Amino acid sequence: MRLKLVITALALSLLAHHTSVFAQAADPAAALSGGWKLNMEESINPNGPDGAGARGSRGGGRGGNFASPGQGPAPGGDLGPEELQRFNAHLKMFRTAPPLLGIQATAKDVILAYDPDPAKGQMFKYMTDNKKSVMTTPAGPVDIKVKWNGKVLRREMETKESLKVVEDYTVSADGKQLVVTVETSNIMVRMPKVEIKRVYDRTQ
């Protein structure tokens, strides 16, 4: 009798697990929601080409984590000293991988939390309607748009110094890992292309 109860409990547990997996597969927002911890070993340049866990620049040339004056081949000319300072501050901020990431997502909005303490101001809420909103940072305002591309959440950011950052959030088929890719570009500063891939393991 006891063995039968154990087998029944195990079967119910497996059924609940598979039901949860199927539900997440059908609902990208549910799959993305939860707690995530950075897996440094499986990530590629999670903090940029010069940060912790770097495997070296994939695009050749200078390290690429910071820009220098006189490197702007594109229209608009080079950035001035103050602009360049803000540019590098934003670049460092967006290329720094949060070790822990909390996400609460729906089809209409998403909350990204880099620290569970609201008093630290590291929780950000966005509508996923691809409409521009403005985020205040220590280096200046940033225009942000967030949308769903199928099962992938995309966050696009642009600063006044024309730094563009595109983040894609993709959950694995089994729901156990989250992959965040980061692309940075600028029309006024030459930036070697660097692969940034952050792999997170689900904690809850």
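Leu-178 touches Leu-32, Trp-36, Leu-101, Ile-103, Tyr-169, Thr-170, Val-171, Arg-198, Val-199 and Tyr-200, leaving aside residues up to four places away in sequence. The model is predicted. Leu-178 is also among the residues with the most contacts inside the largest nonpolar core.

**Nonpolar core**
- The largest nonpolar core has 38 residues.
- Leu-32, Ile-103, Tyr-169 and Leu-178 have the most contacts inside this core.
- Leu-32, Ile-103 and Tyr-169 are also among the residues that Leu-178 touches.

**Aromatic pair**
- The count comes to one aromatic pair.
- Tyr-114 and Phe-124 form this pair, which is tilted, with 5.9 Å centre to centre and 55° between the planes.
- The pair links distant parts of the chain, 10 residues apart.
- Tyr-114 sits in the loop between β3 (109–113) and β4 (123–127), whereas Phe-124 belongs to strand β4.
- Tyr-114 counts as partly exposed because its relative accessibility is 23%, and buried means under 20%.

**Largest pocket**
- The largest pocket has a volume of about 470 Å³.
- Its lining comprises 21 residues.
- Met-93, Thr-96, Tyr-114, Gln-122 and Phe-124 lie nearest the pocket centre.
- Two or more lining residues come from each of α3 (81–94), β4, β5 (133–137), β8 (163–171) and β10 (196–202).
- β5 gives the most to the lining, with three residues.
- By class, the lining has 14 nonpolar, four polar and three charged residues.

Technical notes:
Residues numbered from 1 in each chain as written. Predicted model: local features only at pLDDT ≥ 70, side-chain atom pairs only at ≥ 80, totals over all residues. Heavy atoms only, no water. Core = buried A, V, L, I, M, F, W, Y, C linked by side-chain atoms within 4.5 Å. Buried < 20%, exposed > 50% of the residue type's maximum accessible area, 1.4 Å probe, protein only. Contact = heavy atoms within 4.5 Å. Phe/Tyr/Trp six-rings, centres within 6.5 Å; stacked < 30°, edge-to-face > 60°. Helix = DSSP H or I, 4+ residues; strand = E, 2+ residues; numbered from the N terminus. 1 Å grid on protein atoms, 1.4 Å probe; cavity = no way out; pocket = protein on both sides within 12 Å on 5 of 7 lines; lining within 4 Å. Points joined across faces, edges and corners; volume = space filled by probe spheres on them. Nonpolar A, V, L, I, M, F, W, Y, C, P; charged D, E, K, R; others polar.
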